Amino acid sequence: MRRFVPYFAALVAVAVTTLLIQLAVGRTPVANLSMLYLVAVLVVAVAYGRTAAIAASILAFLTFDWFFVPPTHQLVVADPEEVFSLALFLITAVVTGTLAARERARANEARRGEFEATLLYEAAFRIATEPDLDRALSAVAEHFRAALDLDALGIEVDPESLARPVIAARDDTSREALRSTGTELRLMEPHGTSRSVRIVGPRAITGDRARRVRVVPISVSGNRVGRLQVLPRSDVPDLGPSDERMLAIAGAQLGLAIERARLRKGAVDAEVLRRADELKTELLHAVSHELRTPLASILASAGSLRQRDVAWTERERDEFASAIQDEALRLDRVVGNLLDLSRIENGNLVPHKAWHDVGALVEDVAGKMRPITAGHTVRLDVPEDLPPVELDYVEIQQVLSNLVENAAKFSPRGTEIGIRVAQDDGSMRFEVSDHGPGIPAAEADRIFAPFVRLQRAGQATRGVGLGLAIAKRFVEAHAGTIWVDRRATDGARVVFTLPVQPSGG
Amino acid sequence: MAASAPRPEPTGARLLVVDDEPAMVRTLRTNLRGHGFQVETAETASEAKASYDRRPPDLVVLDINLPDGDGFEIVRHIRERSGTPIIVLSARGGERDKVSALDLGADDYMTKPFGIDELLARIRVALRHLARPATGAERRIRTGELVVDLERREVTVAGRQVHLTPTEYDLLKVFLTNPNKVLTDRMLLQQVWGPDYGDESHYLHVYVARLRRKIETDPQAPKHLLTEPGVGYRLRSEDL
């Protein structure tokens, strides 16, 4: 029915004009009155386009001839001058009408173009700014659905990129309708890899009516990577040509987005691998240095003991032996830290917790670290009345040892190392402080990463930089926190807390 | 046995030991004192330079891998002031560090971990060389069965005269005036070919090979011209 509207409009316009001219006849010369028809043609052209304009022109030509050109009420024209004028009218009407209609089409096209450009730009913007493919596609689907006034729009991509299809719908009924168009099948491929394939039926069931679902391919450089499923409004079941075009462009744009997401994921994977490789090289380098340094001292001392050209005194012999012992213990600590780290990296970190007296633990650590802190004064500040804390004794002992070892390593001999324990509300607070050069605020977070050592001009740095990394993991496995106290003005102060639960009685 | 008697204060050559590892410093101090040397120690570059400036030692044992490249700074500091022999200690795989240290003027190097006897031997060679510098003023130089008459530019191996080209002769002369000292490719190239050379190691390798064919009894297992892998060459001599 719709397509007869323009012709009907042309008919009405010409009829109204004829009536007006009829009324005016006798008051003005008829030849000028024909101009009124041109107005009618223009109006029809602007409102209904070229076909309607041409129809109106011909109709006006015939009507004018029939009613107003003598002899009236027949199509014959007596005066040859009238023939010329009528022909001129027809040409003018058709040309004017066509031009007006073209202007209108252009204006429409421009408006449509602007709409499409905005729509595509917004879609592209969303795709580009949202790194998560699932979320990006959901946003784009809803965007197109709303703009094209569809009931539902689904995006389905190969399952490696997108786990399940994305559907944007006006309401739940439409969503269900689109979902019901496909049945999931599991196909066994020849090599045994199973792939989920969705077979899309041509019709969706909405209520009692079956409706056509349009399928638009999503492709990248000729390869189909997915599809759009389009459920138009129930009262406008057909898509216009511009809607079709829009959806095709949307398909291409989505293809690019999916491709980009895939590449980005690939790039991230490659970067992760590269970093892991780099870390491994760094580790080997650091570890070989860390293992070889004590070995060099051990070999030099052992070689000295075996020399027969010098009669070593008791004291000298003892010095070599204790160097061997200290450095062997150091090797053991390095190996222990490495094992801890590999255990942590493998995720096998479950603290074996039991209730322990914190004071005893701190004293134990201070005693074991004596060879390392021999050049320093160690001051313990542990209140008598601390409650027992549930912790993994070995791990927390390791945390404290690593902190004390760092303090001894990085502060000048003869200065004081403080170990302080205090109860905060809900947590037990441990502090290890020294009077060394301190930790710059900018480095305060970085030093907890593995293999990070502070480089300071004119100061010897030793160690792989595993100590703090391990301490952090252990503390965090206890649901505690560890940090560098930035308020420490003289030297470094590292603090960690462990949660204290009431011991149930 | 007088094992428990306190050792008398050593009176031998004065050595400065620089290493950032306290255990290594302690061991070397005890051992070298036991061998009669007077030992000063330093754990940082500033301590080392201060000690050197206070009273220059006869020889320096230096761990080149101090943090921040300070080891090289020490070599530079000493070479600006004197020719005190420097024996560099470096980690295995640190060939670039060794070459840099030698180019800066260090005399010898040892790779950590090292045998203490080997270090003592190197220290003694360097000190002996210091006591009896090869000035090039002697008329004849003899090492093993190799004899070089500097006046006549004549070379004999076990009494048999050997003909050397001028370049081969110049190269041999550089080795003979620096016996038992590691010479980097760059040093040899600059002394024999001139200051514009330095990266043309292949020239050098060709000439060393020719020289070995002429002066070594078994060029495959040289006794005089030893290769220091990745670093350069050394003329070994018991007599010089």
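Of the 240 residues of chain B in this predicted model, 51% count as buried, where buried means under 20% relative accessible area, exposed over 50% and partly exposed in between (1.4 Å probe, protein chains only). Local features were considered at pLDDT of at least 70 and side-chain atom pairs at pLDDT 80 or more, whereas totals for chains, interfaces and linings use all residues; side-chain values rest on heavy atoms, with hydrogens and water left out. Residues are numbered from 1 along each chain as its sequence is written, and chains are lettered from A, with ligands numbered from 1, in the order in which they are written.

Chain B contains eight helices and 12 strands; helices (H or I, at least four residues) and strands (E, at least two) are DSSP runs numbered from the N terminus. The accessible area of chain B is about 11,200 Å², of which carbon and sulfur atoms supply 47%. Areas were computed by the Shrake-Rupley method with a 1.4 Å probe, and for residues only the protein chains shown count as cover. Among the contacts in chain B with a separation of 6 or more, 60% join residues 24 or more positions apart, a contact being heavy atoms within 4.5 Å.

Helix 8 of chain B comprises the 15 residues 201-215. Its expected span, defined as 1.5 Å times one less than its number of residues, is 21 Å, and this agrees with the 21 Å between its end C-alpha atoms. The buried residues of this helix are B:Ser201, B:Leu204, B:Tyr207, B:Val208, B:Leu211, B:Arg212 and B:Ile215. Viewed down the helix axis, these buried residues fall within an arc of 140 degrees and so line one face of helix 8; the arc is taken over the directions from the helix axis to the C-beta atoms. The exposed residues B:His202 and B:Arg213 are carried on the face turned away from the buried side. Cover for the buried residues of helix 8 is provided by elements of chain B including strand 7 (146-149), strand 8 (154-157), helix 6 (166-177), helix 7 (185-192), strand 11 (225-228) and strand 12 (232-235).

Elsewhere in chain B, B:Gly36 is located in the loop between helix 1 (22-34) and strand 2 (38-42). B:Gly36 is partly exposed, at 25% relative accessibility. Leaving aside residues up to four places away in sequence, B:Gly36 touches B:Pro10, B:Thr11 and B:Gly12. The C-alpha atom of B:Gly36 is also separated by 9.1 Å from that of B:Pro8, a residue 28 positions away along the chain.

On chain A, a nonpolar surface patch is formed by A:Phe8, A:Leu11, A:Val12, A:Val16, A:Leu20, A:Leu23, A:Leu36, A:Val39 and A:Val43, which together have about 840 Å² of accessible area. The elements contributing two or more residues to this patch are helix 1 (5-24) and helix 3 (35-48) of chain A. Helix 1 gives the most, with six residues. Patches consist of residues with over 30% relative accessible area and no salt bridge, with like charges joined within 9 Å and nonpolar side chains (Val, Leu, Ile, Met, Phe, Trp, Tyr) within 5 Å. A:Leu23, in helix 1 of chain A, is exposed, with a relative accessible area of 59%.

Side chains of opposite charge can pair when their charged atoms come close. Over all chains, the structure holds 42 salt bridges, each defined as a side-chain nitrogen of Lys or Arg within 4 Å of a carboxyl oxygen of Asp or Glu. In chain B, the closest N and O atoms of the salt bridge between B:Arg122 and B:Glu118 are 2.9 Å apart. Both residues lie in helix 5 (residues 116-131) of chain B, four residues apart, about one turn of the helix. B:Arg122 is buried at 19% relative accessibility, whereas B:Glu118 is partly exposed at 37%.

In chain A, A:Arg106 and A:Glu103 form a salt bridge (3.3 Å, N to O). These two residues are three residues apart, about one turn, within helix 5 (residues 80-129) of chain A. A:Arg106 is partly exposed, with a relative accessible area of 49%, and A:Glu103 is partly exposed at 48%.

A salt bridge also pairs A:Glu431 with A:Arg420 (3.3 Å, N to O). A:Glu431 lies in strand 13 (residues 427-433) of chain A and A:Arg420 in strand 12 (residues 416-424), so the pair ties together parts that are 11 residues apart in sequence. A:Glu431 is buried at 8% relative accessibility, while A:Arg420 is partly exposed at 34%. Both belong to a network of salt bridges that links A:Asp381, A:Arg420, A:Arg429, A:Glu431, A:Asp485, A:Arg487 and A:Arg493.
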